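We will go stop by stop, selecting a few residues each time.

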Amino acid sequence: MSSPAHRPATAPPGIHRPATVPPASHRPATVLLTALAPAAWGTTYVVTTELLPAGHPMFAGLMRALPAGLAGLALTRVLPRGEWWWKAVVLGMLNIGGMPLLFVAAERLPGGVAATLGAAQPLLVAALAVLVLRDRPTSWRLAWGVLGVAGVGLVVLGPGARLDAVGLLAGLGHTATMAGGVVLTRRWGRPAGVGPLALAGWQLTVGGLLLLPPTLAFEGVPQRIDAGAAGGYLWLGSMGGLIAYTLWFRGIATLPVGATAPLVLLSPLVATAIGVARGESLSLAQTCGFALSLAALLAAQLDPPHRRRSTPR
């Protein structure tokens with residue numbers, strides 16, 4: 001396997017070049033590509049409940065991670081070097097290793113409750129960014145983050161929502177691990193000469209290998225995997241796995257963390273849109289919540305109006 005290119009003289013070993021925000025002319029395209037990741041993750045709930053065998057959340061996480069990670073390694077033929085071995089393990093544990101928690105939440109909670117827990121990720125990212133990145137969120141993005149969670153709550157929570165304790169803990173655990181992964185991915189960046197596809201391949205492989213022993217020990221392989229389940233696993237591993245995480249890590253490295261994190265609101269919004277397409281209807285409150293969440297997602301990509309006015313030309 002080939003190794004990453006050497007660092008330039010301006011970036012000595014152990015010092016990673018800070019990620020830069022793309023020019024304004026390029027940023028909309030970067031935001032749109034990054035947004036494809038949470039949009040793909042928004043299909044997880046319907047795929048899990050409609051296509052996958054019930055009672056196998058760890059196997060679902062394994063099938064989403066390990067084949068995709070090995071494919072990423074085969075395509076890039078780049079392995080970590082030096083300190084990036086342990087960094088890849090840490091990031092793989094946070095970004096990928098907690099994946100079974102998502103499937104547990106999807107099985108034990110209504111999709112709306114699980115989605116609302118995930119929608120709280122921008123607020124947790126903002127708190128962690130203060131501690132780890134010394135990056136204080138603007139009141140503009142913090143306010144829209146709160147409104148985004150409130151909007152998702154209006155869309156998906158109802159009086160009949162059942163709150164299973166194990167499902168709640170699993171959903172919160174997955175949200176926390178993903179938030180930690182976002183912040184550390186931003187802090188560490190990636191080695192010079194290593195692209196986001198290789199970074200995704202490392203982490204998916206690490207996460208898959210971590211899931212392999214407990215999956216075989218506690219769950220095993222489902223007795224029957226029909227064509228629908230095979231298609232579901234393929235979708236989760238490709239568009240929801242390698243492709244989505246490659247776009248996600250690319251976006252984290254180039255966009256402000258305060259702009260990237262709110263994009264996860266797309267996940268519950270896509271899940272809601274799928275439900276509407278399948279015949280579900282939205283009440284007035286749900287429609288208002290959908291519009292509020294979408295407005296929060298878009299507003300988080302903008303600088304506050306007073307900042308734009310004060311920016312020197």
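Start with the whole chain. It has 15 helices and zero strands. Keep in mind that this is a predicted model. Now colour the chain by burial. Of its 313 residues, 50% are buried. How do contacts link up along the chain? Take the contacts with a separation of 6 or more: residues 24 or more positions apart account for 90% of them.

**Stop 1: the core**

Hide the surface. Which residues have the most contacts inside the largest nonpolar core? Select W202, Y245 and W248 to see them. This core has 57 residues. Its largest share comes from helix α11, residues 227-254, which gives 10 residues. A second, separate core has five residues, including V104, A105, L109 and A170. In soluble globular proteins, nonpolar side chains tend to be buried together.

Stay on W248 and show what surrounds it. Leave out its neighbours within four places in sequence. W248 is then in contact with T34, A37, P38, W41, Q121, M178, V182, T260, L263 and V264.

**Stop 2: T175**

Select helix α9, residues 165-188, and find T175 in it. Is T175 buried or exposed? T175 has a relative accessible area of 5%, so it counts as buried. Now show its partners, skipping residues up to four places away in sequence. T175 touches L117, G118, A120, Q121 and L124.

**Stop 3: T49**

Move to helix α2, residues 44-50, where T49 lies. Show its side chain. What does the side chain of T49 reach at 2.8 Å? It is the backbone oxygen of Y45. The backbone oxygen of V46 is there too, 3.4 Å from a polar atom of the T49 side chain. T49 and E107 are 58 residues apart along the chain, yet their C-alpha atoms are separated by 7.0 Å.

**Stop 4: R77**

Finish in a loop. Select the stretch between α3 (57-76) and α4 (84-97), and pick out R77. R77 counts as exposed, because its relative accessibility is 55%. Check its backbone too. The phi angle of R77 is near 55 degrees, a positive value in a residue other than glycine.

Note on methods
Residues are numbered from 1 along each chain as its sequence is written. This is a predicted model: local features need pLDDT of at least 70, side-chain atom pairs count only at pLDDT 80 or more; totals for chains, interfaces and linings use all residues. Side-chain values use heavy atoms; hydrogens and water are left out. Helices (H or I, at least four residues) and strands (E, at least two) are DSSP runs, numbered from the N terminus. Buried means under 20% relative accessible area, exposed over 50%, partly exposed in between (1.4 Å probe, protein chains only). Contact means heavy atoms within 4.5 Å. A nonpolar core is a set of buried Ala, Val, Leu, Ile, Met, Phe, Trp, Tyr and Cys residues joined through side-chain atoms within 4.5 Å. A polar contact is a pair of N or O atoms within 3.5 Å; within protein, one must be able to donate a hydrogen and the other to accept it, and residues adjacent in sequence count only if both atoms are side-chain atoms.
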